[in-house]
Structures are given as C-alpha cells and as structure tokens.
Amino acid sequence: MTPIIEAKGLSKKFVKRLDFAGKIAQRLGAGIHEEVVHAVDDVSLAINPGEVVGLVGESGCGKSTLGRMIAGILPQTAGSVLLDGKDTAEMNGSEQKAAALAVQMIFQDPFASLNPRMRVEQIIGEAPLVHGLTDRAGIKDYVDETMLKVGLDPALKQRYPHQFSGGQRQRIGIGRALAVKPRFLVCDEAIAALDVSIQAQVLNLFMDLREQFELTYLFISHDLSVVEHIADRIVIMYLGRVVEAARTEALFEDPQHPYTRALLAEVPRLDQRKRDFTPIVGEIPSPLNPPTGCHFHPRCPHVMPVCKAEVPMLSERNNSRLVSCHLDEGGAD
Ligand code: SF4
C-alpha cells in the first residue's frame with residue numbers, strides 16, 4: 001500500500017540571527033554566535049490511508065513543527081514530504097494546489113485561528129469558492145451542509161466566532177478544513193484548549209468524520225490518554241527525534257523506551273497494573289543546547305556511559321515496533 005503521507009528524513013532548524021549590537025560585539029571578539037534550534041531532527045514517518053497516527057511528546061519536543069511541515073505550511077530545512085508517493089517539492093503547480101487542499105491542519109486554539117471579523121459563512125465558504133468547489137449560487141447550501149456535518153446549526157452562519165463557545169469554535173475550524181474536501185488532517189492539540197466535558201464530543205466528531213469521509217489523521221497531543229482511544233499507531237517524540245513507534249495496544253501493553261514508560265506513568269488508569277512506571281523527572285532540556293548522545297539521558301533512570309556519547313539508532317524490536325535506545329532488546333527493566 002502506498003502511504004498517503006510519508007515524511008523522509010525531515011529536519012527543521014530555526015536560526016536566531018544576531019542583531020546589530022550582536023554583530024558589532026562579535027566583531028569586537030565577544031564569543032557570541034547565531035543560535036540554532038534543531039526543532040526536528042531527521043524524522044521519517046509513513047501514514048497509510050485511513051490510519052490514525054498519534055504523535056505524542058512534551059511541549060517543545062518538535063511535534064507541532066513536524067506536523068506543520070507535513071501539512072506543507074512550514075518549509076523543512078532537510079528531507080522531503082511525499083503525498084501518495086510523490087514528493088511535494090517536485091509537483092507542478094496544479095498538483096501542488098491539489099496537495100494543499102488534500103492536506104489540512106486543525107489548530108489548538110480555534111479562537112486564534114479564526115478571523116474575528118469574518119462571519120462563519122465566510123470562514124467556511126471562502127476557500128471552496130476560491131478553489132471552485134462550489135459557485136456563488138451554491139455557496140449558501142454548501143456552507144449549510146458543511147455546518148451540519150460538524151454538528152453546527154446553519155441558522156448561526158451569520159454570527160462571528162466570538163459569539164460561539166470554545167467547542168463550537170473548534171467545530172467551525174473543523175468545518176473550514178472539511179469544506180475543501182481534504183483526505184488527510186493534521187490535528188495539532190485540537191482538543192487541548194477545550195473543557196474536558198467537550199473534549200470527548202469533539203473526539204467523537206473526529207472519529208465520525210473519519211468513517212464518513214474516509215479521512216486519515218495525524219493527531220498531535222502532549223497527552224497519551226487523548227490518543228489512546230483513537231489512534232491505530234502512536235509515535236513518541238523527544239527533543240526533535242522519534243524515540244518509539246508502535247501499534248497503540250502494543251505501546252500501552254509493553255512500552256520499551258524509558259521515555260514512553262515515563263509518559264505512561266502520567267496516564268491515569270483504572271488498571272493499576274500498568275502504573276508501575278517511574279514518573280518523568282525534570283524539565284525537557286533546551287533545544288538550543290540539547291544533551292549529547294541520547295537526548296533523554298539527563299532524565300533517564302537507566303542511563304549508561306554509552307548513552308552520553310552515542311545517538312541510539314531507531315531500530316526494529318520484536319518485529320513490532322521501532323525503538324531508539326541503547327538498552328538491550330527486551331526493553332528497560
Ligand atoms: Fe536511557 Fe540510554 Fe536508552 Fe537514552 S539510550 S533512553 S539514556 S537507556
């Protein structure tokens with residue numbers, strides 16, 4: 001099966017250039033340099049049609065940056081993104097336009113991502129009109145249908161975003177994405193800003209839409225418990241790198257990477273059997289000055305001398321998962 005989306009060796013560096021005073025100070029011999037953040041470091045990931053992949057890690061691990069590169073709204077420093085097996089950088093103009101519609105992104109803060117001066121009718125209807133998915137005569141019906149699909153009352157389409165609740169605003173954001181008939185959605189902390197009682201409703205909406213429109217998702221979250229019930233597969237990131245990737249059940253049953261185990265310790269469970277992991281200690285290090293070797297070594301309870309010197313390769317374990325750790329096959333005990 002050709003993956004719908006494939007990231008190959010994706011990296012992203014952000015360079016903070018020196019300001020005028022900094023350049024002068026540098027010329028005068030002060031030991032200051034441009035600061036480089038390696039937000040994403042050589043990440044490869046393939047997602048098959050219909051799959052839901054959860055991308056999980058702490059804030060600052062690079063998961064949103066990776067999602068934005070996959071969605072085509074942030075250029076990568078190195079590597080490539082393939083849609084249906086074709087490198088998006090090698091597509092011609094019309095192919096690139098089709099790719100931009102096929103892959104849509106849903107953001108964490110629906111209020112910040114919706115234009116406060118536009119009515120819902122414009123927010124949802126603008127892109128389909130521009131891209132010829134409907135014409136002026138059909139736009140009202142088109143918007144009504146889209147609002148119904150995401151559980152909004154079309155009678156409210158003349159309202160502005162601030163006149164809706166948080167959950168409704170996220171539905172508007174989902175409607176805006178859905179209106180251009182995408183096949184792949186990158187959902188970046190799409191329920192994190194919502195009340196707990198509303199989160200489940202919006203998650204259910206995502207799952208209904210997946211079935212109805214055969215959508216594929218990359219679901220980005222800092223919270224493993226959010227993706228547990230919706231993801232077929234989970235990818236764990238730490239400081240710009242993938243540290244473990246496995247089917248959801250396998251990851252929860254038998255996590256191999258010490259960081260995955262630490263994340264699982266944070267997940268409240270009725271089944272106490274699965275709570276015997278050590279909670280994570282300390283803060284995620286600054287990506288400006290990441291630890292040598294395995295980035296996780298300052299926080300890892302199993303750290304060995306080799307961990308500080310060599311980057312562990314992401315390799316297959318037990319034919320069932322990818323793990324990046326120097327501990328022997330069989331995992332951390
Ligand atoms: Fe811990 Fe070493 Fe594995 Fe990194 S490579 S997670 S420091 S045991």
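Ser80 sits in strand β4 (residues 78-83); helices (H or I, at least four residues) and strands (E, at least two) are DSSP runs, numbered from the N terminus. Residues are numbered from 1 along each chain as its sequence is written, and side-chain values use heavy atoms, with hydrogens and water left out. The model is predicted: local features need pLDDT of at least 70 and side-chain atom pairs count only at pLDDT 80 or more, while totals for chains, interfaces and linings use all residues.

Ser80 has a relative accessible area of 15% and is therefore buried. Buried means under 20% relative accessible area, exposed over 50%, and partly exposed in between (1.4 Å probe, protein chains only). Beyond residues up to four places away in sequence, Ser80 touches Glu6, Ala7, Lys8, Leu10 and Asp87, where contact means heavy atoms within 4.5 Å.

The loop between α2 (63-70) and β4 holds Thr77. Thr77 is partly exposed, because its relative accessible area is 43%. With residues up to four places away in sequence set aside, Thr77 touches Ser11, Lys12 and Lys13. Thr77 and His38 are 39 residues apart in sequence, and their C-alpha atoms are 9.8 Å apart in space.

Ala71 also belongs to the loop between α2 and β4. Its relative accessibility is 13%, so Ala71 counts as buried. Apart from neighbours within four places in sequence, Ala71 is in contact with Val103, Met105 and Val186. From Ala71 to Met118 the separation is 47 residues in sequence and 24 Å in space, C-alpha to C-alpha.

Strand β7 is the place of Cys187. At 0% relative accessibility, Cys187 counts as buried. The contacts of Cys187, not counting residues up to four places away in sequence, are Ile106, Phe206, Tyr217, Leu218, Phe219 and Ile220. Cys187 and Glu90 are 97 residues apart along the chain, and 25 Å separates their C-alpha atoms.

Glu189 is buried, with a relative accessible area of 9%. Its phi is near 50°, a positive value in a residue other than glycine. Most residues other than glycine have a negative phi.

Helix α8 (residues 196-213) has 18 residues and spans 26 Å from its first C-alpha to its last, close to the 26 Å expected at 1.5 Å a residue. The expected span of a helix is 1.5 Å times one less than its number of residues. Buried in α8 are Gln199, Val202, Leu203, Leu205, Phe206, Met207 and Leu209. Phe206 is also one of the residues that Cys187 touches. After α8 comes Glu214, with a positive phi near 50°.

Helix α5 (residues 120-130) has its own set of buried residues: Val120, Glu121, Ile123, Ile124, Gly125 and Pro128. The buried residues of α5 pack against α6 (139-149) and α7 (166-178). Just after α5, Gly132 has a positive phi of about 75°.

Further along, Leu239 is found in the loop between β9 (233-238) and β10 (241-247). Leu239 is not a glycine, although its phi is positive, about 45°. Leu239 counts as buried because its relative accessibility is 4%.

Which residues surround the ligand? They are His257, Pro258, Cys294, Phe296, His297, Cys300, His302, Cys307, Pro312, Cys325, His326 and Leu327; a residue is near a molecule or strand if one of its heavy atoms lies within 4 Å of it. This shell has eight nonpolar, four polar and no charged residues. In this classification Ala, Val, Leu, Ile, Met, Phe, Trp, Tyr, Cys and Pro are nonpolar, Asp, Glu, Lys and Arg are charged, and the others, Gly among them, are polar.

The chain as a whole contains twelve helices and twelve strands. Of its 333 residues, 49% count as buried. Among contacts between residues at least 6 apart in sequence, 65% join residues at least 24 apart. The C-alpha atoms fill a box of roughly 70 × 60 × 40 Å along the principal axes.
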